[in-house]
Amino acid sequence: MKSLPLIPFSLVVAIACGGAFHAAAEPAVVVSIADQQLALVEDGSPVALFPVSTSRFGVGDRPGSYATPLGLLEIASKIGANAPLGTVFKSRIATQEILRPNARGRDPIVTRILWLRGLERRNARAYERAIYIHGTPVERLIGRPASYGCIRMRSRDVAHLFNAVSVGTRIAVVAGHLRDGIARASAGALHSEFGFAANY
């Protein structure tokens with residue numbers, strides 16, 4: 001994972017002060033709506049931090065809401081391995097088109113797709129709603145709510161994340177701040193907060 005950007009030292013210190021990490025803690029990815037950031041967690045420790053864009057329509061899982069679902073999810077499938085950065089996907093199939101970042105007038109799904117499945121009642125429709133973590137050419141809007149329900153990333157960032165996770169990797173989408181979400185996830189506190197089964 002040497003190619004991934006290191007999480008800021010100040011964040012590591014803040015998390016460490018808030019609670020101890022446990023080996024092989026899950027989920028492996030935490031997304032913060034408040035901070036518009038995503039953390040990759042390995043062996044109970046955060047190893048990378050990426051800016052993201054969640055929904056401009058807020059949070060939720062109602063069909064037609066275009067909202068980003070909260071709670072515990074998992075990666076159901078990975079699509080786009082080895083595709084060139086900027087490859088456009090239509091109906092989850094790679095086309096021959098490649099877009100550069102911030103190409104004018106275009107806002108398709110690009111580069112990689114991580115299709116998410118909800119693991120709780122409050123996000124049970126995520127898979128049928130086609131909620132993804134995916135690349136976007138509209139990189140100038142990353143860091144603020146701008147999507148139609150999915151979690152958007154820069155192409156280079158989603159390619160790094162794609163290579164670091166697998167089908168079944170757990171994703172926690174939290175409304176609050178990232179460092180609090182990581183601390184709770186690493187301490188196993190997300191089980192009771194999200195009401196998920198103990199075999200998680």
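Select phenylalanine 57 to begin: this residue is partly exposed, with a relative accessible area of 46%. The class covers values between buried, under 20% relative accessible area, and exposed, over 50%, computed with a 1.4 Å probe on protein chains only. The model is predicted: local features need pLDDT of at least 70, side-chain atom pairs count only at pLDDT 80 or more, and totals for chains, interfaces and linings use all residues. Residues are numbered from 1 along each chain as its sequence is written, and side-chain values use heavy atoms, with hydrogens and water left out.

Phenylalanine 57 sits in the loop between β3 and β4. Helices (H or I, at least four residues) and strands (E, at least two) are DSSP runs, numbered from the N terminus.

Next, select aspartate 61, in the loop between β3 (45-51) and β4 (71-79). Is this residue buried or exposed? Aspartate 61 counts as buried because its relative accessibility is 6%. Display its side chain together with the backbone of residues 124 and 125. The side chain reaches the backbone nitrogen of arginine 125 at 2.7 Å and that of alanine 124 at 3.2 Å. Both are polar contacts, that is, pairs of N or O atoms within 3.5 Å; within protein, one must be able to donate a hydrogen and the other to accept it, and residues adjacent in sequence count only if both atoms are side-chain atoms. Leaving aside residues up to four places away in sequence, aspartate 61 touches Pro69, Arg122, Asn123, Ala124, Arg125, Ala126 and Arg129, where contact means heavy atoms within 4.5 Å.

Move on to proline 101, in the loop between β6 (93-98) and β7 (109-118). Its C-alpha lies 6.4 Å from that of valine 138, although 37 residues separate the two in sequence. Beyond residues up to four places away in sequence, proline 101 touches Pro137 and Glu139.

Finally, select the whole protein, which has four helices and ten strands. From the N terminus on, the order is α-β-β-β-β-β-β-β-β-β-α-β-α-α. Of its 200 residues, 50% count as buried.
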